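I opened this one to see what holds the fold together.

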Amino acid sequence: FSNIITLSDFLVIYKNKNKNMVGNQYLELVDHIKKILESNEYVNTVLYARSNENDLYKKNITPIAHIIPTGTSWTRGGMRFNFEVGVLDIVNKSNNTSFEKFDGNDDKIDTHNATYYVIDDLLSKLQYGIDEFVIELGDNISIQPIFYSGMNTLDGWMCSFTVTVVKIGC
């Protein structure tokens, strides 16, 4: 794991190396999504395309936002990018015995409420452009709950969406 770099480091290196590159819509879009997630007071760690085992990396502080690209397509109107963004947090269990059948003895509902807020904030802010690009958020947005009651006890929401990016002046 010694050569793992953070998404922030990658974006700085890549941007500096490719300042005048044409067609950097993907880089700009990923950076924009990252900044929105990092600006949310509830998110502590933003990951990009990590596998499940890397989500347990000890330096990742929850709540975690995970950006996963799932595909792209070219249109005459611009580039269309598909993403999944998961927002996960640890469910805290109480040591006290609870006989409450609906709430149980954990904060699963609170965790889902807070992580949904991050997804809602991301989608609301994604509708605005990035400097020289216009962003169009697609209508077919899917948000699914995630329940990991197993070894990592991370719960939250996974959002699937499509964004079309059009370079201004093209």
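I count a residue as buried when its relative accessible area is under 20%. Thr111 comes out at 2%, so I put it down as buried. A reminder to myself: this is a predicted model.

**Entry 1: Thr111 and its helix**

I started from Thr111, which sits in helix α3. Leaving aside neighbours within four places in sequence, I found Thr111 in contact with Asp89, Ile90, Val91 and Asp155. I then listed the buried residues of α3: Thr111, His112, Ala114, Thr115, Val118, Ile119, Asp121, Leu122 and Leu123. What do the buried residues of α3 pack against? I got α2, β3 (78-90), β4 (133-137), β5 (142-147) and β6.

I also checked the length of α3. Its 18 residues should span 26 Å at 1.5 Å a residue, and the end C-alpha atoms are 26 Å apart, so the two agree.

**Entry 2: salt bridges**

How many salt bridges does the count come to? The count is four, and I wrote up three of them, taking a side-chain nitrogen of Lys or Arg within 4 Å of a carboxyl oxygen of Asp or Glu as the rule.

Asp155 came up again here. Its side chain meets that of Lys108 in a salt bridge, at 2.7 Å from N to O. The two are 47 residues apart and link distant parts of the chain, with Asp155 in strand β6 (residues 154-167) and Lys108 in helix α3 (residues 108-125). Is Asp155 buried or exposed? I have Asp155 at 0% relative accessibility, so it counts as buried. Lys108 has a relative accessible area of 23%, which makes Lys108 partly exposed.

Asp121 is buried at 13%, while Lys125 is partly exposed at 34%.

**Entry 3: the nonpolar core**

Next I looked at the largest nonpolar core, which has 27 residues. Which of its residues touch the most other members? They are Leu29, Ile33, Leu37, Leu126 and Phe161. The elements giving two or more residues to this core are α2, β2 (64-75), β3, α3, β4 and β6.

Leu29 is in contact with Phe81, Phe83, Leu126, Ile130, Ile135, Val163 and Val165.

**Entry 4: rings**

A search of the whole structure finds four aromatic pairs. Tyr26 and Phe81 have ring centres 5.3 Å apart and planes at 50°, so I noted the pair as tilted. Tyr26 is in helix α2 and Phe81 in strand β3, 55 residues apart, so this pair links distant parts of the chain. Tyr26 is partly exposed at 28%, whereas Phe81 is buried at 6%.

Tyr26 also pairs with Phe83, and that pair is stacked: 6.1 Å centre to centre, with 10° between the planes. Since Tyr26 lies in helix α2 and Phe83 in strand β3, the pair ties together parts that are 57 residues apart in sequence. I have Phe83 as buried, with a relative accessible area of 1%. Which residues form one aromatic cluster? I wrote down Tyr26, Phe81, Phe83 and Phe161; Phe161 was already in my notes from the core.

**Entry 5: a cis bond**

Last, the backbone. Most peptide bonds are trans. The one from Thr62 to Pro63 is cis, with omega near 0°. I located Pro63 in the loop between β1 (45-48) and β2.

Note on methods. Residues numbered from 1 in each chain as written. Predicted model: local features only at pLDDT ≥ 70, side-chain atom pairs only at ≥ 80, totals over all residues. Heavy atoms only, no water. Helix = DSSP H or I, 4+ residues; strand = E, 2+ residues; numbered from the N terminus. Buried < 20%, exposed > 50% of the residue type's maximum accessible area, 1.4 Å probe, protein only. Expected span 1.5 Å × (residues − 1). Contact = heavy atoms within 4.5 Å. Core = buried A, V, L, I, M, F, W, Y, C linked by side-chain atoms within 4.5 Å. Phe/Tyr/Trp six-rings, centres within 6.5 Å; stacked < 30°, edge-to-face > 60°.
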